[in-house]
Amino acid sequence: MNENLFASFIAPTMMGLPIVTLIIMFPSLLFPTPKRLINNRTISIQQWLIQLTSKQMMAIHNQKGQTWSLMLMSLIMFIGSTNILGLLPHSFTPTTQLSMNLGMAIPLWSATVFTGFRHKTKTSLAHFLPQGTPAPLIPMLVIIETISLFIQPVALAVRLTANITAGHLLIHLIGGATLALLNISTMTAFITLTILILLTILEFAVALIQAYVFTLLVSLYLHDNT
């Protein structure tokens, strides 16, 4: 285990050069492109999962919103694969960096908002002022709704960062405690090892769930603006 608790969150370098870009591009190599008439089991399962997720996520969208299906599927595959690869030993998880998550959240959120103002201008402006609002409360409500709108991308990025970072820290702490207890009490070390294994399994689920939640929220923002 690393002595520094936050060492696993430091961007890796090679010969003094950052290699984060290579790490971010690596998950795309794990999804092979079908080139045969009859696909193998891996590609068949991959396509089945993509179709299942796409149908569930695109069911609420109209024809204009469904044009985003390729981008949303690419997003969920990228975040999910990056989160899972980050659970491997001596690896780096880019989604623990708030700057990267903001880099994904802000452009996607901006695109959905601009789409709404372009195609549904009146409806988008109506969100800033609920119907039947008393006149004295109008300025306050407009300010509150504007702030809540601009908080959406920050909430997207912070939610993903916090959940992935918290899981990694728990695994790091429990793993360190397991190693320390080996010389003190074998039974207690076995118990903490069992907890560590269960937590690792949970983190695999969290990695996929957070990818789905991030993409689903972007999809809901898109649905509100199309």
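Buried residues (under 20% relative accessible area, with exposed meaning over 50%, partly exposed in between, and a 1.4 Å probe run over protein chains only) make up 34% of the 226 residues in this chain. The model is a predicted one, where local features need pLDDT of at least 70, side-chain atom pairs count only at pLDDT 80 or more, and totals for chains, interfaces and linings use all residues. Residues are numbered from 1 along each chain as its sequence is written, and side-chain values use heavy atoms, leaving out hydrogens and water.

Let's start with the overall layout. The chain has seven helices and two strands, which are DSSP runs numbered from the N terminus (H or I and at least four residues for helices, E and at least two for strands). Follow the sequence along and you'll read β-β-α-α-α-α-α-α-α. Now look at contacts, meaning heavy atoms within 4.5 Å. Of those between residues at least 6 apart in sequence, 72% join residues at least 24 apart.

On to the inside. In soluble globular proteins, nonpolar side chains tend to be buried together. A nonpolar core here is a set of buried Ala, Val, Leu, Ile, Met, Phe, Trp, Tyr and Cys residues joined through side-chain atoms within 4.5 Å. The largest one has 27 residues, and Leu-72, Leu-75, Ile-79, Met-104, Leu-156, Phe-214 and Val-218 touch the most other members. The elements giving two or more residues to this core are α2 (41-58), α3 (69-85), α4 (98-119), α6 (138-181) and α7 (186-224). There's also a second, separate core of five residues, including Ile-171, Ile-174, Leu-196 and Leu-199. Leaving aside residues up to four places away in sequence, Leu-156 touches Ala-105, Phe-214, Leu-217, Val-218 and Tyr-221.

How do α6 and α7 cross? Their axes come within 9 Å and cross at roughly 170°; axes are lines fitted to C-alpha atoms, for helices over the stretch in contact, and angles run from 0 to 180 degrees between N-to-C directions. So α6 is roughly antiparallel to α7, a label for angles over 145 degrees.

Finally, compare two residues of helix α4. Is Asn-101 buried or exposed? Asn-101 sits in helix α4 and counts as buried because its relative accessibility is 0%. Not counting residues up to four places away in sequence, Asn-101 touches Thr-95, Ala-157, Leu-160, Thr-161 and Phe-214. Gly-103 also lies in helix α4, but at 47% relative accessibility Gly-103 counts as partly exposed. The C-alpha atoms of Gly-103 and Pro-153 are separated by 9.6 Å, though the two are 50 residues apart along the chain.

Technical notes: Angles under 35 degrees count as roughly parallel, over 145 as roughly antiparallel, 65 to 115 as roughly perpendicular and the rest as oblique.
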